[in-house]
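Here's a quick tour for anyone meeting this structure for the first time. Have a look at it, then read on.

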Amino acid sequence: MHYPLVIVFAQETQDVVNALTWARQNNVALRVRSGRHQLEGWSNVDNGIVIDVSELKSARIDAASLTATVGAGLSQLEAVTTLAKQDLAVTTGSEGSVGLSGATLGGGFGFLTRYLGMACDSLTGAEVVVASGADRATAINVDLSSNPDLLWALRGAGNGNFGIVTSLTYKVARLKSVAYVQATWEGLSDLNGIFSAWQRTAPFANNRLTSQLEIHKPQILLMAALVNGSAAEAKRLLAPILSVGKPKVSAQVGNWGDIYAGFQIPTQEDPANWKFFSQFITEPFPPKAISLIRSFMQNVPTDDSNYFTNAFGGAVKTSQPRGGTAFVHRDALYYAEPGAGWGTRGKPRSGDAITPRAQAWIAEFSQALRPYVNGAYVNVPNIAMADWPTAYWGSNFGRLRKIKAKYDPYNVFQYEQSIPPASGWSL
Ligand SMILES: Cc1cc2nc3c(=O)[nH]c(=O)nc-3n(C[C@H](O)[C@H](O)[C@H](O)COP(=O)(O)OP(=O)(O)OC[C@H]3O[C@@H](n4cnc5c(N)ncnc54)[C@H](O)[C@@H]3O)c2cc1C
């Protein structure tokens, strides 16, 4: 829990300029916030100023040129449903209340990833309020011709590092309909077969299909979205996985906005606390790693705790946008995270007794998988990871530090795992 001095709910860009100028002139710590879902609470700060852009809700959509410019305050649900009314889409994560800004600026994956790439791959421009001079702030435009180095950096490393994004411009895609399939297996007895079939096929399937696994102790879920296809085609593409054991399978076909609105989490029954550990996988897990997943899932701290995967490959691997991106995990077969959930919403301290066990489970689970994983996801930060810069950005980290030194030489935008400016850069 953090207690800031003040939270500024910006109504327009000038409010952000004023707030940043005030913070600099009064030497007050600051954080930037949109959807409030930073998983370690780093978009908030004690005794500082939170510059909150969540009320910047504009949306200008040009269906003819397939361009959308939106305020930095849109949630993913607002973005998906607004675009879907015109049969348009960009990649987002599947949790509607997460900010589109936060998700995009760190990468952003979900059910459209293998078709459209990461959310940041569709980002073609932004308005950003940066620190200028010794104690001022100014709004700049960022695109392929103005400040293209910053556009590159915002595509995967833009969260709270370089400035405050007030609007984002996307290249949007036409999307008529989606076939959404969900399959459920009771218990863990089919885990090895399901996981082996999933990792063998999901990262290499037709690019229109993106699927996720969510493994719980009581049941295993497969969720998949097929762009512009039928339920029969989706089930055919998923047949290697669906043929394992006897899953209960359901399917719906419709407008992406309607299907997306149906996912909405968290519900009131969701646990009060979550702890995740992000990992990318570039080589298929050997049977030993799958056995590890099984044994950790047999010993979960709570039944909400799970192991989640999202297939990569497809457009993430094959098509980067012009100008490139700071997002580096192009060769990942999939993203995965163990997640521990505990405690009851609305009942403070209800999870305290389980906290040590949940934290130990996550730490031991993620550590056991270390030999089989390659990199981590900045949007699901690993707080105790010593080599986080390389895990998040690989060899791009040096270039990010130089861009940081150019746009934020005084390191005004800093938090627990922010990018430090390159040293030796003259102001
Ligand atoms: C329930 C849940 C489900 C998730 N599922 C997915 C998923 O499916 N796919 C996925 O890719 N990720 C997923 N995530 C991770 C999610 O992408 C990150 O938590 C994301 O950074 C949250 O963004 P936000 O705007 O909601 O949060 P905030 O807390 O407002 O911000 C997150 C970070 O971005 C910075 N930031 C926010 N707005 C701006 C801005 N306008 N300019 C500059 N910096 C800014 C903040 O300073 C902070 O560092 C999930 C997270 C949760 C909690």
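## Around the ligand

An oxygen atom of the ligand has a backbone N or O atom of His37 2.9 Å away. Gln38 also brings a polar backbone atom to 2.8 Å from a ligand oxygen, and a polar backbone atom of Gly160 sits 3.0 Å from a ligand nitrogen. The protein covers 91% of the 950 Å² of accessible area that the ligand has on its own (Shrake-Rupley method, 1.4 Å probe).

In total, 30 residues surround the ligand, counting any with a heavy atom within 4 Å of it. Helix H3 (100-106) gives the largest share of this shell, four residues (helices are DSSP runs of H or I, at least four residues, and strands are E runs of at least two, numbered from the N terminus).

## Where the model comes from

This is a predicted model: local features need pLDDT of at least 70 and side-chain atom pairs pLDDT 80 or more, while totals for chains, interfaces and linings use all residues. Residues are numbered from 1 along each chain as its sequence is written, and side-chain values use heavy atoms, leaving out hydrogens and water.

## Rings and a charge

The whole structure holds 31 aromatic pairs (Phe, Tyr or six-membered Trp rings with centres within 6.5 Å; planes under 30 degrees apart are stacked, over 60 edge-to-face, the rest tilted). Take Tyr180 and Phe263: their ring centres are 4.9 Å apart with planes at 50 degrees, so this pair is tilted. The two are 83 residues apart in the chain.

Elsewhere, the charged end of Arg399 sits over the Trp152 ring, 3.8 Å from its centre (the cut-offs are CZ of Arg or NZ of Lys within 6 Å of the ring centre and within 35 degrees of the ring normal).

Terms used. Polar contact = N/O pair within 3.5 Å; in protein donor to acceptor, adjacent residues only side chain to side chain.
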